[in-house]
Structures are given as C-alpha cells and as structure tokens.
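The model is predicted.

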Amino acid sequence: MRMAVAGGTGAVGRHVVEVARERGHEVLVLARSAGVDLVTGEGLDLAGVDVVVDASSVQTLSADTSTRFFEAVTRTLLATPVPHLVALSIVGCDVVDMGYYEGKRRQEELVLADPRGTVLRATQFHEFAGQMLERTRKGPFILAPRMRSQPVAAREVGEALVDLAEGPPVGRAEDLAGPDEHDMAHLIGKVKKASGVRGLLIPVAVPGVVGRQIRAGGLLPTGPGARGKQTFDEWLAR
C-alpha cells in the first residue's frame, strides 16, 4: 500500500511513518520540510497514493487560526482523488470550548461529510505533560493546570491510525484513550521530578468555562472504546 502522512514529522506523524514502514508500506511524508504546503497544496502530488493519514497540526490557541488551518488542509486533501483520508482528532473537542478545538471540529465536519473519510479521536499524549511543564514555567514557579486526563502513548496512536488506514473508510472510529485517568498537574510534577527541573510547582484551576470543562472531565472518553496499554509511568521510565 502507498500511504501519505500529512504532518509526518510531528509528534504522532513520525510514529505513523515508522509503523507504516515497519509493516512494509511505501510512505510519502507530506510536510513543509519535504516541500509540501498543505494549506495551499503547493508541492502536493498524491498520484498512486491509496490512503492519506492526516496528523498535521498548528501551534495556536486562536479559534480563527485553527479553523482556517484545518479547513484549508482538509479541503486540499479532499480535493485530490485519494480513496481514503484518515484524520486524527481529539477526544472531547466537541465538549471543551478551547480555541484550538474549533478547528478540529471543522476538520471532523469536513472529513465525516465525505464517504472517503475516517476520524480517530485520541486523548492527550504522554508527552503532553512535558510540553505543559515547558509552557507554564514562570521564573521560579511552575503553574500546573488542574485537568482530568487519560493520556495515551503517541506510538499507540500511530499504530491505531495505520490500522485504520489499512482498512476501508469507517467514518467516526472508536475513541482511543490511555489506560488510566490522572490529574494533569500530578503528571507535570512527575515529569518535573524525573527531569530535574527546578522550581515550585503550583497546581492551578484554569479560570472560566474551559477550566470548568476540563476539571469536569470534558477531555475524557465517555463510552467504550480502544485503550492503550502503556501507562504514563512506563512511558516516563523509558
């Protein structure tokens, strides 16, 4: 199978590329570093491609920026004759009113409206705690947000995306989450200790509607579905 991976150099995309190649697939990486602009379609050539896995992302908290990006990328990919598009989304993106999630909602809407589309929602990755540690360091303090999370290994998300890519379009696939629920502030503390980062960790409640939603479990799976095997502690130990 010839598989293209949008965002194939990112946190999950690189795992998709690795898993697909391990299984013997021919893989085409779609990224700016490979000369492909997914927003404009410049450099995009999907001739002979059987399936595209879209693990692309944009760093923003803006709803407008996120929506423009995901709508443009999705329309670009759907405008090609590729037989199957598998898009990675986020568990709870339709529950938590975060700006970035507005774009994911629009992406899902476009993909699911096309008979060639498959959407996999996954929870935050194990790496998310480390990313939050870097983002929330304020001098000698680390402001760790209180939120309920069920993180999953990025490698397992990559495996699940390849599994779906190897089959026919299914529309909305079962959500994928990690094996255990945690408070994100607690996980940030574990990464801080393991990495030797200095500073006083202060768990904080994110204010407003979004804060209430994430503390109430808006980013947790709400029904049966696939669960990853690697725990956060196992990932951290490795």
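Ile142 stands opposite Leu201 in strand E12. Strand E7 (residues 141-145) pairs with E12 in the parallel sense, over five bridges. Helix H6 (residues 184-195) packs on the sheet and touches both E7 and E12. The direction of H6 makes about 140 degrees with that of E7.

The sheet is open and has three strands in the order E6-E7-E12, with mixed pairing. Strands E6 (137-138) and E12 (200-204) each have a single partner strand and stand at the edges, so one side of each lacks a neighbour in the sheet.

## Helix H3

Helix H3 (residues 99-112) has 14 residues, which at 1.5 Å a residue should span 20 Å; the end C-alpha atoms are 21 Å apart, in agreement.

Ten of the 14 residues of H3 are buried, so the helix is largely enclosed by the rest of the structure. Among them are Gly99, Tyr100, Tyr101 and Gly103, as well as Lys104, Arg106 and Glu108. The buried residues of H3 pack against strands E3 (51-54), E4 (85-90) and E5 (117-122), and against helix H2 (63-78).

## The largest pocket

The largest pocket holds about 1,400 Å³ of space. It is lined by 43 residues, of which Ser57, Val58, Tyr100, Gln131 and Arg135 are the closest to its centre.

Two or more lining residues come from each of H2, E4, H3, helix H4 (128-135) and helix H7 (208-215). H4 gives the largest share of the lining, four residues. Tyr100 is one of the buried residues of H3, and Tyr100 is also among the residues closest to the pocket centre.

Conventions. Residues are numbered from 1 along each chain as its sequence is written. This is a predicted model: local features need pLDDT of at least 70, side-chain atom pairs count only at pLDDT 80 or more; totals for chains, interfaces and linings use all residues. Side-chain values use heavy atoms; hydrogens and water are left out. Two strands pair if DSSP finds at least two bridges between them. Contact means heavy atoms within 4.5 Å. Axes are lines fitted to C-alpha atoms, for helices over the stretch in contact, and angles run from 0 to 180 degrees between N-to-C directions. The expected span of a helix is 1.5 Å times one less than its number of residues. Buried means under 20% relative accessible area, exposed over 50%, partly exposed in between (1.4 Å probe, protein chains only). On a 1 Å grid over the protein atoms alone, a cavity is a set of points where a 1.4 Å probe fits but cannot get out, and a pocket is an open set with protein on both sides within 12 Å along at least five of seven lines; lining residues have an atom within 4 Å of a point. Grid points are joined across faces, edges and corners, and a volume is the space filled by probe spheres set on the points.
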